[in-house]
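Subject: A structure for you to look at

Hi there,

Here is the structure I promised to pass on. Please have a look at it first, and then read on for what turned up.

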Amino acid sequence: MKRIHGRATAVCLLAALILGLTALYAVRWALHGDEWAGFPSNGDAFLSGRIRAGTVTDRDGEILYSVRDGEGHWSEDETLRVSSLHIVGDRNGFIGTGAMFNYAQIILGYDPVNGLYSRNGEGGVLHMSVDADAQRAAWEALDGRRGAVTVVDYVTGEIVCCVSSPSFDPEDPPEIAADDTSGVYLNRPLSVTYTPGSVFKLVTLAAAIENIPDLFDRDFHCSGSTDIGGGTVTCTRAHGDMKIEDALADSCNCTFAGLALELGGETLKTYAERFGLTQRQEVDSMRTAAGRFDAAPDGSLDLGWSGAGQYKDLVNPAAMARFVSAIANRGEAAKLTFIRDDARTGAEYERILAEDTAERIADMMEYAVERTYGAEKFPGLKLCAKSGTAEVGTEKPNAWFVGFVRDRTRPYAFAVCLENAGFGVAQAGPVANEVLQALVGQ
Ligand SMILES: [Zn+2]
């Protein structure tokens, strides 16, 4: 009897263990089943690194990639294939930001009951937030120049345009040498950082608005250069007497270097961090490259230049677009996503600017377009913008143009950066205009 009792206890313990492990597995399956199914080594999901079922479309349903009869096909339009390569993915899986890997569960149509096997066997559909017409317009406007074009819907956080150059046709991939230095596999909007130059003056301006009480009453003067810390900060010309609005519109280095010295490196660093420019930003399951701001010593020439976006300053284009989107959205940055939100209700926001600070900066960016950049160059758009011409050593400068349409029915914030292209607004301004016209013309 004693022995039977002992065996019964053992069987009960064993049964409890099995039940417990089954429960643990069920919980892990519920939590991670989609990841297991979408893992590239799962032979039911991927074949030779390519996804085996499903469709990827732009925000209006135009096909970017689809699997038919077990064969993957990119869009039939070559410009769309090339312009969307870095967000869809390539044949060999060298591009880490491609939707084929990062959104595999949605594309495959995974659900916890049926697993990978959708009822019609065709997988699922990923509606990306990007707009095919904007993708094409950005690629054509880049016209072979290297760089990054990012446009964000500042109300929803949806990325409506994400183009990286150089690129290639995934249906006809070229031989790319092992020692290639062009970074053709990099999705520049997400994965690189650039010296920001004068677009960083928006950060210095925000810090100045919140820390210098008489900023808007002050008279500034620029004689074309100013001596700081044993060196010289220069402007392209003598800007003369001005208020802060004109200092931004003229992008006066002397004024902004002076503000940087007054604010101090630690204050500027705090603002760069608050605006998300020095950290990685989440884009669904991906992360952007982290930017950089080093607080230079008080009174130094380096500190002056750091407030004008030079010195060691670096920013990521998508993070810059997010910062500008917060200026556009009364201080709140919507979380970035590549997935179309059909209900337009799912955005998460982070307040990174006080509302009145955001509105004052927006007013000044609108004034800069009217006074300096030329509103007529952006027809039909109520544009707010800031240009940047970022010195990068001996090569031609990087050309930046960032801003937004001040109209919540066309809520587009953008960051355009062309590498070694020359003067900011002259080079990057027309690219921004072409993409915005493609978006608002629909
Ligand atoms: Zn100046």
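Before the metal site, one definition: donors are N, O and S atoms within 2.8 Å of the metal, and water is not among the atoms, so sites may look incomplete. Please also keep in mind that this is a predicted model.

**The zinc site**

With that in hand, the zinc ion has these donors: C222 through SG, C235 through SG, H239 through ND1 and C252 through SG, at 2.1 to 2.3 Å. Why is the arrangement called tetrahedral? The 4 donor atoms subtend angles of 108 to 111 degrees around the zinc ion, and four donors count as tetrahedral if all angles lie between 85 and 135 degrees. Along the sequence, the spacing of the donor residues reads C-x12-C-x3-H-x12-C. C235 and C252 link distant parts of the chain, 17 residues apart. C235 sits in the loop between β11 (231-234) and β12 (240-242), whereas C252 belongs to the loop between α9 (244-249) and α10 (253-263).

Are these two cysteines buried or exposed? The cut-off for buried is under 20% relative accessible area. C235 has 13% relative accessibility, so it counts as buried. C252 is buried as well, with a relative accessible area of 0%.

The loop that holds C252 also contains S251. Phi of S251 is near 55 degrees, a positive value in a residue other than glycine. With a relative accessible area of 17%, S251 is buried.

**The chain as a whole**

Stepping back, the protein chain has 15 helices and 19 strands. Of its 442 residues, 54% count as buried. The accessible surface of the chain comes to about 19,300 Å², and carbon and sulfur atoms account for 50% of that. If you take the contacts between residues at least 6 apart in sequence, 65% join residues at least 24 apart.

**The five-stranded sheet**

An open sheet of 5 strands runs in the order β8-β7-β19-β18-β17, and its pairing is antiparallel. Which strands stand at the edges? They are β8 (159-165) and β17 (383-390); each has a single partner strand, so one side of each is left without a neighbour in the sheet. From one strand to the next, the twist averages 5 degrees.

Although β8 is an edge strand, it is mostly covered, with 7 of its 7 residues buried. Its antiparallel partner β7 (residues 147-153) is joined to it by 6 bridges. V152 stands opposite I159 in β8, and V149 has V163 as its bridge partner there. β7 and β8 form a hairpin with 5 residues between them, and G157 in the turn has a positive phi of about 80 degrees.

P166 lies in the loop between β8 and α7 (188-191).

Helix α13 (residues 317-328) lies across β7, β18 (398-405) and β19 (412-418), running at about 35 degrees to β18. Helix α14 (residues 355-373) lies across β17 and β18, and runs at about 70 degrees to β17.

In the loop between α13 and β15 (332-334) you will find R330. R330 is not a glycine, yet it has a positive phi of about 55 degrees.

Strands β3 (residues 55-57) and β4 (residues 63-68) pair in the antiparallel sense over 3 bridges, and T55 stands opposite S66 in β4.

Finally, helix α8 (residues 201-211) is mostly covered: 9 of its 11 residues are buried. Among them are K201, L202, V203 and T204.

Best wishes

Conventions. Residues are numbered from 1 along each chain as its sequence is written. This is a predicted model: local features need pLDDT of at least 70, side-chain atom pairs count only at pLDDT 80 or more; totals for chains, interfaces and linings use all residues. Side-chain values use heavy atoms; hydrogens and water are left out. Donors are N, O and S atoms within 2.8 Å of the metal (3.2 Å for Na, K and Ca); water is not among the atoms, so sites may look incomplete. Four donors count as tetrahedral if all angles lie between 85 and 135 degrees; four count as square planar and six as octahedral if opposite donors are over 155 degrees apart and all others between 65 and 115; anything else is irregular. Helices (H or I, at least four residues) and strands (E, at least two) are DSSP runs, numbered from the N terminus. Buried means under 20% relative accessible area, exposed over 50%, partly exposed in between (1.4 Å probe, protein chains only). Two strands pair if DSSP finds at least two bridges between them. Axes are lines fitted to C-alpha atoms, for helices over the stretch in contact, and angles run from 0 to 180 degrees between N-to-C directions. Contact means heavy atoms within 4.5 Å. Accessible areas come from the Shrake-Rupley method with a 1.4 Å probe; for residues, only the protein chains shown count as cover.
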